[in-house]
Amino acid sequence: MTEKKVPMRKCVACGEMIGKKGALRIVRTPSGEIVLDKTGKMNGRGAYLCRDMNCFTTAKKGRKLERSLKCQISEEIYNKILEEIEKDE
Ligand SMILES: [Zn+2]
């Protein structure tokens, strides 16, 4: 019997499980680049964040993404995430 692995989509800010539609995926690619993964299919270590302004603020202030990805997140990436959140509102 094979067990299907369900990827964990837990928001790094609020700690809640998030559905695929409501999640933003930030990926550290194998080459060490941090990207906002809009397709959800990129390879690399991923961190999830609710498409929510409160979670964004919490994540940024608490450096939750940095901790989760063990990498620096540039202001440029934060701006991209912000753009995505604002797009949906
Ligand atoms: Zn959240």
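Mentor: A definition to start: buried means under 20% relative accessible area, exposed means over 50%, and partly exposed is in between, using a 1.4 Å probe on protein chains only. The model is predicted, so local features need pLDDT of at least 70 and side-chain atom pairs count only at pLDDT 80 or more, while totals for chains, interfaces and linings use all residues. Residues are numbered from 1 along each chain as its sequence is written, and side-chain values use heavy atoms, with hydrogens and water left out.

Trainee: Is C71 buried, partly exposed or exposed?

Mentor: C71 is partly exposed, at 22% relative accessibility. C11 is buried, at 3%.

Trainee: How many disulfides does a search of the whole structure find?

Mentor: The search finds 0 disulfides, a disulfide being a pair of cysteine sulfur atoms within 2.5 Å.

Trainee: Back to C71. How far apart are R28 and C71 in space?

Mentor: Their C-alpha atoms are 8.0 Å apart, and the two residues are 43 apart in sequence.

Trainee: Where is R28 found?

Mentor: R28 sits in strand β1. Helices (H or I, at least four residues) and strands (E, at least two) are DSSP runs, numbered from the N terminus. R28 is partly exposed, at 27% relative accessibility.

Trainee: What is R28 in contact with, leaving aside neighbours within four places in sequence?

Mentor: Its contacts (heavy atoms within 4.5 Å) include E33, N43, R45, L69, K70 and C71. The side chain of R28 also reaches the backbone oxygen of K70 at 3.4 Å. That falls under polar contacts: a pair of N or O atoms within 3.5 Å, where within protein one must be able to donate a hydrogen and the other to accept it, and residues adjacent in sequence count only if both atoms are side-chain atoms.

Trainee: New topic. How many salt bridges does the structure hold?

Mentor: There are 6 salt bridges, each being a side-chain nitrogen of Lys or Arg within 4 Å of a carboxyl oxygen of Asp or Glu.

Trainee: Which residue forms a salt bridge with K38?

Mentor: E84 does, with the closest N and O atoms 3.3 Å apart. K38 is in the loop between β2 (34-37) and β3 (45-50) and E84 is in helix α3 (residues 75-87), so the pair ties together parts that are 46 residues apart in sequence. K38 is exposed at 63% relative accessible area, whereas E84 is buried at 8%. The two also belong to a network of salt bridges that links K38, R51, E84 and K87.

Trainee: And which side chain meets that of E75 in a salt bridge?

Mentor: That of K60, at 2.7 Å from N to O. E75 lies in helix α3 and K60 in helix α1 (residues 53-61), so this pair ties together parts that are 15 residues apart in sequence. E75 is partly exposed at 46%, and K60 is partly exposed at 31%.

Trainee: Let's stay with α1. Which of its residues are buried?

Mentor: C55, F56 and A59 are buried in α1. Seen down the axis of α1, its buried residues fall within an arc of 100°, so they line one face of the helix. The arc is taken over the directions from the helix axis to the C-beta atoms. The face turned away from the buried side carries the exposed residues N54 and K61.

Trainee: What caps the N-terminal end of α1?

Mentor: D52 does, with a side-chain oxygen 2.7 Å from the backbone nitrogen of N54. Just after α1, R63 takes a positive phi of about 50°. The side chain of R63 meets that of E66 in a salt bridge at 2.8 Å, N to O.

Trainee: Last one, α3. How many residues has it?

Mentor: α3 has 13 residues and reaches 18 Å from its first C-alpha to its last, close to the 18 Å expected at 1.5 Å a residue. The expected span is 1.5 Å times one less than the number of residues.

Trainee: And what do the buried residues of α3 pack against?

Mentor: They pack against β1 (23-28), β2, β3, α1 and α2. The buried residues of α3 are I77, Y78, I81, E84 and I85. Seen down the axis of α3, they fall within an arc of 120°, so they line one face of the helix. E76, E83 and K87 are the exposed residues on the face turned away from the buried side of α3.
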